[in-house]
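Hi,

Here is the model I promised to pass on. Have a look at it first, and my notes follow below.

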Protein chains: 4
Amino acid sequence: MSVVVIFGGTRPQGNTEILTEKALTNIKAERIYLGDFHFESIIDKRHDTAGFHDRNDDYNSILDRILPHDTIIFATPIYWYSMSGIMKNFIDRWSQSLRDANYPNFKQQMAAKKGYVIAVGGDAPHIKGLPMIQQFQFIFGFIGMEFAGYILGIGNKPGDIMADQKAIYAAGELNQLLKTIV
Amino acid sequence: MSVVVIFGGTRPQGNTEILTEKALTNIKAERIYLGDFHFESIIDKRHDTAGFHDRNDDYNSILDRILPHDTIIFATPIYWYSMSGIMKNFIDRWSQSLRDANYPNFKQQMAAKKGYVIAVGGDAPHIKGLPMIQQFQFIFGFIGMEFAGYILGIGNKPGDIMADQKAIYAAGELNQLLKTIV
Amino acid sequence: MSVVVIFGGTRPQGNTEILTEKALTNIKAERIYLGDFHFESIIDKRHDTAGFHDRNDDYNSILDRILPHDTIIFATPIYWYSMSGIMKNFIDRWSQSLRDANYPNFKQQMAAKKGYVIAVGGDAPHIKGLPMIQQFQFIFGFIGMEFAGYILGIGNKPGDIMADQKAIYAAGELNQLLKTIV
Amino acid sequence: MSVVVIFGGTRPQGNTEILTEKALTNIKAERIYLGDFHFESIIDKRHDTAGFHDRNDDYNSILDRILPHDTIIFATPIYWYSMSGIMKNFIDRWSQSLRDANYPNFKQQMAAKKGYVIAVGGDAPHIKGLPMIQQFQFIFGFIGMEFAGYILGIGNKPGDIMADQKAIYAAGELNQLLKTIV
């Protein structure tokens, strides 16, 4: 069993990253910082006879790093009450992978994984972050992945998250759980 | 009074665009197709003393076309149960504009506008699109804009939306309303 | 095919009832006004070896009138952002029916039905009524019933609903649909 | 400062009660078990010139026990993805109190309080309980009360909640907080 984390934030050592690293303490995990890569947003070609074009960007190489793992942590700051645009762009591209002959088993591979969400926001995340959690539930449901849990934390300025004791506790609990499977 | 539409889709003549054009029949409106522009995702510099960097892309020119209008229609296909990544990237950038000395009145200007959402999706949009509507409510609430209404339509293949009579009716009703203000 | 409506309101000729009757025009339907009956709230005995007690009220007689029909319309005013307490009490009692030897096929019978929701509220029902719609989705999902559609209307004072043209249109469209099945 | 708990469950020593008592350890609090009282559901007379009728039940005596306190904990099992019908009936009756000459300051009194929600459910409460949390947000918002926090726990059989370490931790944290104010 192995873990991959997909970071959707753009600030080094941001609150979401700090909280996620609490969950990863002494865990071997692949870390993917989406902001370090270049990939385009989706161009919807689902109904085009020629299908999707290869966009010649880093998307597939990111996918290749994710697929071998069986646990995915989606770690995103809450921007405007949802996941970051960069993470949304990444997930939007799954529509292409679902039709990509180079990834004939994409859905089955994803469906075999467990997904976690870790997200930190500054404006009432425990209320205003809930629609995002519901969306992850629908996303995981569509792709067939188990939604194994989520942690919402509160924080605005860098480091704020350390004061959110419930989030820190939940990250520690997740860490214990991941240790048993990795 | 004048109307601007921000299109988040990437398929010409997509269902969302068709439905939105029903609402725009015989209305003079500025149309912005986000997919025609190049703009980067946000890099969060809210807590950086140097502030945000100019990203030298089309974002500000899009903003300049939006700000003069008092009614904004956010027209987005529902991708993975939320707005398209490209539209999310656009909204994420507002965090920069809120701190941009070149747009000292950004929030006040946005707060004076009315916002509508038109969104078409293929997988139970009237249920699974609701979290996205709640997010627009929070987004508009933060920026101070009135959430004047939304239309959810169902459609997958190009043109499907024409069979969604409730959505077509609602677009016609919005059209009547816009005619009284434009 | 036949239709039963469960009314959760307590005001004769309330907005929810008016809107629902638009959907029922020239349709033969069984109408159940929950307020006309006496039934207790659930007492949770799921984990009691003796099981649930018969509460000697009208609940089962209501159930007997519902079960023969294959389409159920839940018509409830939105009180405090959800269904009325009386309708919630009725649904809570399903937990008892699920374990009632007198209704050995309760779940299968319910699972064969289609459910609609018609709800009118005065405080931004198209936004603040959405969690209730999500709850009906979960309720129908648990019991196995198809969530065939919903209509949200806006209204406060008696008769207000007549001004909600979108809701009236949707009720008319539902009426056409019901005519084809009844 | 003082605390009142409104219990919406009907099973003695149910999971919600156990979790709530964790939060109340060594705290002096008024406990109201709604199931021990008799009160009717609302009959909507908001638009009746004669106004609401006194329903001659225990509702007002419950209210009299709540109003002196400045912190209210709504402790409800999650029945069918929402608060229990008995708790919903109680909240529905607020519509009457808002127009009751005997409680001329009902809204101001409620608006001065802080509200917490503690809720335990058996079917994915961290996902399927979220609409209920959003409804409490709207309820508290309408009455002007601060939504100070919530704890969702998972449990089905009596005592299950003791295995939900995150919920137990959160109850302990709430206990520490309440100790500082009581």
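Buried area here is the accessible area (1.4 Å probe) that two parts lose on being put together, summed over both. By that count, chain A and chain D bury about 1,400 Å² between them, with 60% of it on carbon and sulfur atoms. A:I127, A:K166 and A:Y169 supply 38% of the area that chain A buries against chain D, more than any other three residues.

Some housekeeping: this is a predicted model, where local features need pLDDT of at least 70 and side-chain atom pairs count only at pLDDT 80 or more, while totals for chains, interfaces and linings use all residues. Residues are numbered from 1 along each chain as its sequence is written, chains are lettered from A and ligands numbered from 1 in the order in which they are written, and side-chain values use heavy atoms, with hydrogens and water left out.

Staying with A and D: the contact (heavy atoms within 4.5 Å) takes 14 residues from chain A and 14 residues from chain D. Superposing the copies by least squares on the C-alpha atoms of residues with pLDDT of at least 70 in both, chain A can be laid on chain D with an RMSD of 0.0 Å by a turn of 180° and a shift of 0.0 Å along the axis. That is the relation of a two-fold axis. In chain A, A:L130 comes closest to the rotation axis, its C-alpha being at 3.4 Å. Also, 100% of the interface residues of chain A are interface residues in chain D too, so the copies meet through the same surface.

The rule finds two salt bridges across this interface, a salt bridge being a side-chain nitrogen of Lys or Arg within 4 Å of a carboxyl oxygen of Asp or Glu. D:K166 forms a salt bridge with A:E173, with the closest N and O atoms 3.5 Å apart. On the chain A side, the elements giving two or more residues are α6 (125-128), α7 (130-143), β5 (146-154) and α8 (165-181). Helices (H or I, at least four residues) and strands (E, at least two) are DSSP runs, numbered from the N terminus.

Now for B and A. Here 36 residues from chain B meet 36 residues from chain A, and the area buried is about 3,200 Å², of which carbon and sulfur atoms give 62%. The salt bridge count is two; in one of them, the side chains of A:D44 and B:R11 meet at 3.3 Å, N to O. There are 25 residue pairs in polar contact (both at pLDDT 80 or more). A polar contact is a pair of N or O atoms within 3.5 Å; within protein, one must be able to donate a hydrogen and the other to accept it, and residues adjacent in sequence count only if both atoms are side-chain atoms. From chain B, α7(B) gives the most to the side that touches chain A, with eight residues.

One residue to look up is B:K88, in helix α3 (residues 85-92) of chain B. B:K88 is buried, with a relative accessible area of 2%; buried means under 20%, exposed over 50%, partly exposed in between (1.4 Å probe, protein chains only). Its side chain reaches the backbone oxygen of A:Y79 at 2.8 Å, and the backbone oxygen of A:M83 lies 2.6 Å from a polar atom of the B:K88 side chain. Among the residues that B:K88 touches are A:W80, A:S82 and B:M83.

Cheers

Methods
Lists of a residue's contacts leave out its neighbours within four places in sequence.
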